[in-house]
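Have the model open while you read.

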Amino acid sequence: QRSPTFVDYISGNCDLTMSVAIDFTGSNGDPRKPGTLHHFSSVSGQLNGYEKAITAVGGILAKYDSDQMFPVVGFGAKYDGIVRHCFQVGSDREVHGVQGILDAYRGVFRTPLVMSGPTVFTEAIQVAAAQAKSRQQVSPLSYSILLLLTDGAVTDVEATKQVLASVADAPLSIVIVGIGNADFSAMQFLDDFESRSGMNRDIVQFVQFSKHEYDKTSLTRATLDEIPDQLVKFFTSRGIMPQEDKNFSTSKIVVEDYSEDCDIDLSMDYSADGEITLNGDQSAAYVDNSYGANVSGVHVMAPPSAGATAPGYNPHAVSAPPIHGALAAVPPPAVAASVPVQPAPTTFQVQVPPGVAPGTQLQINHPTTGQQLVVAVPPGVPPGGVFSVQA
């Protein structure tokens, strides 16, 4: 009998969920200075290192998430003198879409945080593992992916190894993305960690973003290199087989809005010990402690209230311009008496059916007009993957 594949699980009722953890340690540099990893450019469309990685790598992994709702946590920031190694980012427990991740990430810089250290993401991993196990108790074919973004090596390698070994039995894969051009050689312990540590399965993939930043195919390959095997090994080792999905469509189409990035005003000082302090007056990071309920001693922490005058209001910050979806931003075409009005093009996504290779032509229906279209699967998009079409 043929062994099940990744595509079999994706098309067989496997519920994939992505969560995100973001590094807010001081080693990322002063966000006010151009070229630092958390700097927000005043030039429209120019993204910083984290925004690029969230958009690119997050966009790759998000295509496999069915509900497009993502928990986002941060680590390495200090609130009221306490370093938080796992705090919720954004006012909601989960955010919608890659744009929601970007908005939550940018909102952190309107809070009174101190970019501190050390670089510890063991708590973020433990919380992600606890969430993954909890979801699988409800749905046996549930699997989670943690996208962890960091600018440098972990402070305590041995503690990180121990945590990775302890969560190897969770339905979880971890993609750690190195942001910037730092020396990531200290992170090489992640390579072949399974065989050297005695773990029963590999759960970690390290990707240096700068090496693949300008090659989408290469970035996709590096990001997804190990996840399919990790997922299949987890389920098959437990005798969990794919199920027939009677509702699975060979061409799932989703109309998706996408908003351009907005400007964020930062008001920051240096403390006496050189830490970067943001002078916000309200907290945008909240907590649902049920995140860590199943992990002893681990909680997703929220910064204490800093006397906000109104939810979402910071008197020291310049209000960001409203964000509009890409489709809403397209002006209506001019109307002439003898010239028919052409509707604005719609951008939508097409999911590649199982067994279909790049270059294959697919017949789909336009989600708005119902018109039949023929499109070719782009290079580098695997079965189960998603690509955008504008028509």
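How do the axes of helix α2 and helix α3 cross, and within what distance do they come? Keep in mind throughout that this is a predicted model.

1. **Helix α2 against α3.** The axes of α2 (residues 49–62) and α3 (residues 97–107) come within 9 Å and cross at roughly 150°. Angles over 145 degrees count as roughly antiparallel, so that is what α2 is relative to α3. The crossing has a right-handed sense. On the α2 side, the contact uses Y50, E51, I54, T55, G58, G59 and A62, and α3 brings V98, I101, L102, Y105 and R106 to it. Sorted by class, the residues in this contact are seven nonpolar, three polar and two charged.

2. **Helix α2 against α7.** α2 also packs with helix α7 (residues 216–224), this time at an angle of about 60° and with the axes 10 Å apart. The two helices are therefore oblique to each other, and this crossing is right-handed. Look for A56, V57, I60 and L61 of α2 meeting L219, T220, T223 and L224 of α7.

3. **The six-stranded sheet.** Next, trace the open sheet in the order β6-β3-β1-β9-β10-β11; its pairing is mixed. β6 and β11 (204–208) are the edge strands, each pairing on one side only. Strand β1 (residues 15–23) runs parallel to strand β9 (residues 142–150) in a pairing of eight bridges, where V20 has L147 of β9 as its bridge partner. Two helices pack on this sheet. α7 touches β10 (172–178) and β11, and its direction makes about 155° with that of β11. Helix α8 (residues 227–237) touches β1, β9, β10 and β11, with its direction at about 145° to that of β9.

4. **Strand β3.** What covers a strand like this is worth a look. In a regular strand, side chains alternate between the two faces of the sheet. For β3 (residues 72–75), both faces are covered: V72 and G74 are buried on one side, V73 and F75 on the other. β3 pairs with β1 in the parallel sense over four bridges, and D23 stands opposite F75. With β6, the pairing of β3 is antiparallel over two bridges; there V73 has Q88 as its bridge partner.

5. **H85.** Is H85 buried or exposed? This histidine is in the loop between β5 (82–84) and β6 (87–88). With a relative accessible area of 16%, H85 is buried, because the cut-off for buried is under 20%. Leaving out residues up to four places away in sequence, H85 touches G74, F75, G76, P118, V120, E123 and A124. Among them, G74 and F75 are buried residues of β3.

6. **V374.** Finally, go to strand β17 (residues 372–376), where you'll find V374. V374 is exposed, with a relative accessible area of 54%. Setting aside residues up to four places away in sequence, V374 touches Q361 and L362. The C-alpha atoms of V374 and L362 are separated by 5.5 Å, and the two residues are 12 residues apart along the chain.

Note on methods: Residues are numbered from 1 along each chain as its sequence is written. This is a predicted model: local features need pLDDT of at least 70, side-chain atom pairs count only at pLDDT 80 or more; totals for chains, interfaces and linings use all residues. Side-chain values use heavy atoms; hydrogens and water are left out. Axes are lines fitted to C-alpha atoms, for helices over the stretch in contact, and angles run from 0 to 180 degrees between N-to-C directions. Angles under 35 degrees count as roughly parallel, over 145 as roughly antiparallel, 65 to 115 as roughly perpendicular and the rest as oblique. A crossing is left-handed if the near helix is turned anticlockwise from the far one by less than a right angle, and right-handed if clockwise. Contact means heavy atoms within 4.5 Å. Ala, Val, Leu, Ile, Met, Phe, Trp, Tyr, Cys and Pro count as nonpolar, Asp, Glu, Lys and Arg as charged, and the others, Gly among them, as polar. Buried means under 20% relative accessible area, exposed over 50%, partly exposed in between (1.4 Å probe, protein chains only). Two strands pair if DSSP finds at least two bridges between them.
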